[in-house]
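Colleague: Could you walk me through how to read a few features of a model, one at a time?
Modeller: Happy to, let's open it up.

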Amino acid sequence: MSVPITLACERYDRTEALRDGRIRVAGVDLTYLPQQVEETFFRMARFQEFDAAEMSLSSYVLGLTRENPPFVAIPVFPSRFFRHSGIYVRSDSAFTEPRELAGGAVGIAEWQLTANVWIRGILADQYGLPVDAVSYRTGGLLEAGRPEKLKVELPENIKVSPIGADQTLSQMLADGEIDAIYSPRAPHGFGGEGAPIRRLFADSRAAERDYFARTGIFPTMHVVVLRREVYEKNRWLARSLFEAFTEAKRLAEENFEETAALRVMLPWFLDEAAATRELMGDDFWAYGLESNRHVLDTFLGYALDQGIAARPITAEELFAPETLEATLV
């Protein structure tokens, strides 16, 4: 008899075969709930509503290093994203490079957002802007009243304060009350000729390609987690889910080879896929621990420095052990 599992996850090309049933999870009767990541993260972190879910890597690490960790992850990364493109300033500001933000105020929706952990770490490592060189204001990007999902104990050198209950970071940037925003989503006023908000990196694509060429890091944003009690009752679920996600990703990658008709509404999609593989290798969106160890080690260092992780942890500790070894014949 199959085990019923409810999975909350955004709709991605790399997971679509799970959602539409082309790939079945061995031993599982799967219900796939497609929904925006913010909703999934909030409901899973606060209420543990789902058997399995896409989860912010930083939220997972935060819970894993404190008492009674609620989740167990598998080394599947449904979301990855270079984040040089996620730093916004006013179009009329004089800022052209990160270190010029030193001494200023930066808006962030939440301290523990994975995108913000990466941005702060990269700017410190690569661009000479230490994490504590700016002060931080937290709150809703587009809507007022956003709280931190999870409590974070910050290092003493980090200065973070919430914005007003009726304020938004977008409006504060537009009004000059903060100097920049770090965000996975664009603020109001960004985009189009003459827009009042621009990216700090004028050519963020070039900056991100250079970053990968120098570091080999394609930042991981999300993992897939199981509620711990679900995992401990049927530990084989971790391996079954890992194998199914891997096969679903393989099916999505077949789009990169289809030349008879475009499956994506981008005219030069195939050229872009080829250019990406030339720079990043064939398996540029790799699952599994070993292919991502250097990426995860870097993130875990940032997480410890920024108060996300309560203690040092290794990449192996992140994942169910059943997903780290395979049967040999």
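The dialogue below takes a loop residue, a helix pair, a strand pair and some backbone angles in turn.

Modeller: A word on ground rules: this is a predicted model, in which local features need pLDDT of at least 70, side-chain atom pairs count only at pLDDT 80 or more, and totals for chains, interfaces and linings use all residues. Residues are numbered from 1 along each chain as its sequence is written, and side-chain values use heavy atoms, with hydrogens and water left out.

Colleague: Thanks! Is T65 buried or exposed?

Modeller: Buried means under 20% relative accessible area, exposed over 50%, and partly exposed in between, with a 1.4 Å probe and protein chains only. T65 has a relative accessible area of 8%, so it is buried. T65 lies in the loop between α3 (57-64) and β4 (71-74); helices (H or I, at least four residues) and strands (E, at least two) are DSSP runs, numbered from the N terminus.

Colleague: Which residues does T65 touch?

Modeller: Contact means heavy atoms within 4.5 Å. Leaving out residues up to four places away in sequence, T65 touches I308, A309, A310, R311 and I313.

Colleague: Now the helices: at what angle do α4 and α6 pack?

Modeller: Axes are lines fitted to C-alpha atoms, for helices over the stretch in contact, and angles run from 0 to 180 degrees between N-to-C directions. Angles under 35 degrees count as roughly parallel, over 145 as roughly antiparallel, 65 to 115 as roughly perpendicular and the rest as oblique. Helix α4 (residues 114-127) and helix α6 (residues 204-215) pack at about 70°, their axes 13 Å apart, and are therefore roughly perpendicular to each other.

Colleague: Which residues meet there?

Modeller: From α4 come W118, I122, Q126 and Y127, which meet A207, Y211, R214 and T215 of α6.

Colleague: Last one: where is Q48, and what is its phi?

Modeller: Q48 is in the loop between α2 (37-47) and β3 (52-56), and its phi is near 50°, a positive value in a residue other than glycine. With a relative accessible area of 30%, Q48 is partly exposed. N68 also has a positive phi, about 55°, although it is not a glycine; N68 is exposed, at 69%.
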